[in-house]
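Please examine the sequence and the structure before reading on.

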Amino acid sequence: MSDAEEIARRKGEHLRLAAEADVETRTPAGWDDVNLVHDALPEIDAADVDLRTTFLGHRLSLPLVISGMTGGHGRALAVNELLARVAERHGIAMGVGSQRAAIRDPMLAPTYSVVRDAAPSAFVIANLGISQLVKQDREMALGARDIAQIIAMVKADALAVHLNYLEECVQPEGQTRARGSLEAIRALARRVRVPLIAKETGAGITRDVALRLRRAGVKAIDVGGVGGTSFAAVEALRAAAQSDAARMSLGNRFRDWGVPTAVAVAGVAAVGLPVIATGGVRSGLDAAKALALGATVVGVGRPLLQAALRGESDVERWIGDFALELRTATFLTGRRRVADLSRATVVITGESLAWLDQLGYRKTKPARKRNR
Ligand SMILES: Cc1cc2nc3c(=O)[nH]c(=O)nc-3n(C[C@H](O)[C@H](O)[C@H](O)COP(=O)(O)O)c2cc1C
């Protein structure tokens, strides 16, 4: 099997396992610890609540990003096309999955470029992995021409670099050479003409890491915290299928490793960059809480993938419910715009409070004026 075929097979397995298997973390994202304070006398009409926001200079009709998930294999084309159609219709942003497969095999490019074809005006985020920026044992780092190709493939409005060392540790074929990765991000930020987003994929980003990324030229942070899809769990299942007992055990052991999403949002919001809250966002109410903690938009992966595999009307229903819940929460906190939720009072309890206290995040208020 060629490298490209191997990547395509892996991506197909990720999609199937994420859609069908029990792969969510046992540790919650923290939304139950975040309480928005009810306003019994909101001086607005619920119907007038403005759900629009601005992200990296682009107007979105809803503060929602369809998280980068797929591309590079058979089922990806239909999933990406369907989700892109919905993104275009609803004025929301959308990411694609890692585009490394299409650099290896250009025949796979349409499984990604279909997103731009179906969503000509949406905010589209290109994607590559941090491991592809650093020379690995059997693979060179991507060059300037590869990066330009990745961006051009989807006519991207931004480029996300995913930081997924937890997954790489568990993956039987994982790439864990990480030395020089921050320098590689700095060089990339200097080179690309679109804003660079740093994106975790389920283990979360702390304030300290976000500060280092900002200094390196990153323009937005997707915190990708614990609470939703666990790639350690996904890789444990793949290892089990390959009878790799050691990797399976490692994946199960690290299933909940990382910083819960609510904590990561609260920590990173103070850094002053736009924040995408991803990892276990499952409703418009979760989103309202994330925005109150300082996120600019939220990212949703697995639920939209599952809905897409059921059909377009299920994706429509999911987004309709999400928007109604977000509108209701904004109204009941007495805010007219979702973008004003960052000024809402929140009462934080339980384990999330312990995290915030011990990481020293509690004393700092989220930065009010972010570069949206
Ligand atoms: C099937 C699948 C494939 C994914 N592939 C990628 C990827 O290639 N690049 C990336 O940055 N994130 C990838 N992700 C991670 C998502 O963007 C997101 O961070 C993660 O699923 C957490 O969100 P959730 O809890 O809403 O699913 C993938 C997620 C899923 C479910």
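Which atom of the ligand does a polar side-chain atom of Lys199 lie 2.7 Å from? It is an oxygen atom.

## Basis of the model

The model is predicted; local features need pLDDT of at least 70 and side-chain atom pairs pLDDT 80 or more, while totals for chains, interfaces and linings use all residues. Residues are numbered from 1 along each chain as its sequence is written, and side-chain values use heavy atoms, with hydrogens and water left out.

## The ligand and its contacts

A polar backbone atom of Gly68 is 2.8 Å from an oxygen atom of the ligand, and an N or O atom in the side chain of His162 is 3.3 Å from a nitrogen atom of the ligand. The protein buries 97% of the 610 Å² that the ligand exposes when taken alone (Shrake-Rupley method, 1.4 Å probe).

The ligand is surrounded by 25 residues (a heavy atom within 4 Å). Among the closest are Thr229, Arg282 and Gly301.

## The largest cavity

The ligand sits in the largest cavity (more than half of its atoms lie within 2 Å of the grid points). A cavity is a set of points on a 1 Å grid where a 1.4 Å probe fits but cannot get out, and lining residues have an atom within 4 Å of a point.

Note on methods: A polar contact is a pair of N or O atoms within 3.5 Å; within protein, one must be able to donate a hydrogen and the other to accept it, and residues adjacent in sequence count only if both atoms are side-chain atoms. On a 1 Å grid over the protein atoms alone, a cavity is a set of points where a 1.4 Å probe fits but cannot get out, and a pocket is an open set with protein on both sides within 12 Å along at least five of seven lines; lining residues have an atom within 4 Å of a point.
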